Amino acid sequence: MNALARWVPRLIIATAVLHFVWAFAQPNSWAVIAREGFFATNVDSEAADYFVHEASIWFMASGFAMLAIGTLSVHVVRATGRLPAQVGWYMLVIGVPLCVIYFPVTGSWAMVVIGVLGLVAARRPKLAAVREHRRAEGTTADRP
């Protein structure tokens, strides 16, 4: 298991925690949502505070999604010693469109960085296995 495979899930979890914090730190409408009741509180898209409600809800929901990806990744890394490449791809699929739409006023660039690190971490065990196999065969070069 490489160090990067252990750190990528931690970075995803840290990003999820930042999302939870930002969901309450940004101008939000949690008090209004609580006062109006949580059931169907954001269905009127014509309401004046619809988009503030929407931002609060989506920051919280994306925090839970990233927490799920991060904690499941921790489990997989502990169980197998490897980080699946899908984790990196998921972070890129989420982060790249957000960067294109919102850049430079976005934190989604962090998801792109974590996605790339995830792909690198997923690739490292394969490279290490190839090097070990070649070493066992007596060749020291990385390429045949």
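Me: At what angle do helix 1 and helix 3 pack?
Reply: This is a predicted model. Helix 1 covers residues 3-25 and helix 3 covers residues 50-80. Their axes lie 8 Å apart, and the packing angle is about 160°.

Me: Is helix 1 roughly parallel or roughly antiparallel to helix 3?
Reply: The angle between the two helices is about 160°. Angles over 145 degrees count as roughly antiparallel. Helix 1 is therefore, relative to helix 3, roughly antiparallel.

Me: Is the crossing of helix 1 and helix 3 left-handed or right-handed?
Reply: Two packed helices are described by the angle between their axes and the distance between the axes. Handedness is a further point for this pair. Where helix 1 passes helix 3, the crossing is left-handed.

Me: How many helices does the chain have?
Reply: Along the sequence the pattern reads α-α-α-α-α. The number of strands is 0. The number of helices is 5.

Me: What percentage of residues 55-75 is helix?
Reply: UniProt, in an unreviewed entry, lists residues 55-75 as "transmembrane region". In the model, the end C-alpha atoms of this span are 30 Å apart.

Me: How far apart are the end C-alpha atoms of residues 87-103?
Reply: Residues 87-103 are also listed under "transmembrane region" in the unreviewed UniProt entry. The span is 94% helix and 0% strand. Its end C-alpha atoms are separated by 22 Å.

Me: What percentage of the residues of the chain count as buried?
Reply: The chain has 144 residues. To count as buried, a residue must have under 20% relative accessible area. The buried share is 31%.

Technical notes. Residues numbered from 1 in each chain as written. Predicted model: local features only at pLDDT ≥ 70, side-chain atom pairs only at ≥ 80, totals over all residues. Heavy atoms only, no water. Helix = DSSP H or I, 4+ residues; strand = E, 2+ residues; numbered from the N terminus. Buried < 20%, exposed > 50% of the residue type's maximum accessible area, 1.4 Å probe, protein only. UniProt positions renumbered as here; feature names shortened; annotations may be inferred. Axes fitted to C-alpha atoms, helices over the stretch in contact; angles between N-to-C directions. Parallel < 35°, antiparallel > 145°, perpendicular 65-115°, else oblique. Left-handed = near helix turned anticlockwise from the far one by under 90°.
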